[in-house]
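Okay, thanks for making time, everyone.

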Amino acid sequence: MTSLTVACSELILGGQKSGKSRRAETLARDWLAQSASHHAVLIATAQPWDEEMRERIARHQVDRAARVPGMTTVEEPLALAAAIAQHSRPDTLVVVDCLTLWLTNWLMPAEPVLEVNQPLAPVGSAQVAILLRAIEKAPGPVVLVGNEIGMGVIPMGSEVRAFVDALGRLNQDVAAVCQRVTLMAAGLPLTLKDAG
């Protein structure tokens with residue numbers, strides 16, 4: 001089993017089931033193995049919108065506990081910057097899983113939509129700026145997981161196109177402040193940036 005090097009901050013991007021979360025968990029496992037004084041916290045942004053999502057979250061919790069038994073989980077769907085600031089310490093690796101669901105929670109809240117074709121709720125540049133500042137100021141390592149969804153065909157529907165655009169901008173902004181950016185495909189990492 002190869003040990004991974006933990007960066008001050010790392011953004012892990014990829015498609016669904018590409019190995020993003022597994023890489024983040026491996027980084028957390030290796031961080032915990034380095035010292036008995038190390039801690040790891042996962043900030044989960046998913047919300048149980050329906051039964052399938054509840055089952056998926058429960059399965060992820062069980063699997064994660066088996067793979068990284070020393071990592072604690074905090075659920076925070078919106079106040080991500082505050083959660084990073086609260087839990088980051090020099091001896092604590094923070095994993096955020098995932099940025100895509102955080103953005104979804106801001107842009108497309110799960111409450112019933114009153115109008116058809118209602119425009120996306122705004123996620124202000126202020127929220128993104130606060131998140132970027134929290135990543136930069138974190139005293140311990142931060143690993144952020146997100147989806148890269150803009151590599152396919154242009155989606156139909158203005159709301160979906162707006163979401164893809166917003167996620168692309170968020171990924172670029174987070175990548176700019178992270179020391180390392182890794183793209184996952186078929187469980188294999190490709191380093192896009194390593195400023196360490």
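So, strand 1 and strand 6 run parallel and are joined by five bridges. Keep in mind that this is a predicted model.

How many of the residues of strand 1 are buried? Six of six, so the strand is mostly covered. If you follow the side chains, Ser9, Leu11 and Leu13 point one way, while Glu10, Ile12 and Gly14 point the other way, and all of them are buried.

Next, helix 4, residues 99-107. Seven of its nine residues are buried, so helix 4 is largely enclosed by the rest of the structure. The buried ones are Leu99, Thr100, Trp102, Leu103, Thr104, Asn105 and Leu107. What do they pack against? The partners are strand 1, strand 4 and strand 5 (142-147), plus helix 3, helix 5 and helix 6 (158-177). So strand 1, the one we started with, turns up here too, because it is one of the elements packed against those buried residues.

The peptide bond from Asp97 to Cys98 is cis, with omega near 10 degrees. Cys98 itself is in the loop that links strand 4 (92-97) to helix 4. As background, most peptide bonds are trans, and most residues other than glycine have a negative phi.

Lys17 isn't a glycine, yet it has a positive phi of about 60 degrees. You'll find Lys17 in the loop between strand 1 (9-14) and helix 1 (20-34). Buried or exposed, then, for Lys17? Exposed, because its relative accessibility is 69%, and the cut-off for that class is over 50%. The other case is Ala186, with a positive phi near 55 degrees. Ala186 belongs to the loop between strand 6 (180-185) and strand 7 (188-194), and Ala186 counts as exposed because its relative accessible area is 74%.

Now over to helix 3 and helix 5 (residues 125-137). Their axes come within 8 Å and cross at roughly 15 degrees. That angle is why helix 3 counts as roughly parallel to helix 5, since anything under 35 degrees goes in that class. The crossing of these two helices is left-handed. Who makes the contact? From helix 3 it's Leu80, Ala81 and Ile84, and from helix 5 it's Ile130, Leu131, Ala134 and Ile135. By class, that's seven nonpolar residues, with no polar and no charged ones.

Last stop, His87, which lies in helix 3, residues 80-87. His87 has 15% relative accessibility, so it counts as buried, the limit being under 20%. Which residues does His87 touch, leaving aside its neighbours within four places in sequence? The contacts are Val41, Val74, Thr92 and Val94. That's my tour, so over to you for comments.

Definitions and conventions
Residues numbered from 1 in each chain as written. Predicted model: local features only at pLDDT ≥ 70, side-chain atom pairs only at ≥ 80, totals over all residues. Heavy atoms only, no water. Helix = DSSP H or I, 4+ residues; strand = E, 2+ residues; numbered from the N terminus. Buried < 20%, exposed > 50% of the residue type's maximum accessible area, 1.4 Å probe, protein only. Contact = heavy atoms within 4.5 Å. Axes fitted to C-alpha atoms, helices over the stretch in contact; angles between N-to-C directions. Parallel < 35°, antiparallel > 145°, perpendicular 65-115°, else oblique. Left-handed = near helix turned anticlockwise from the far one by under 90°. Nonpolar A, V, L, I, M, F, W, Y, C, P; charged D, E, K, R; others polar. Pairing = 2+ DSSP bridges.
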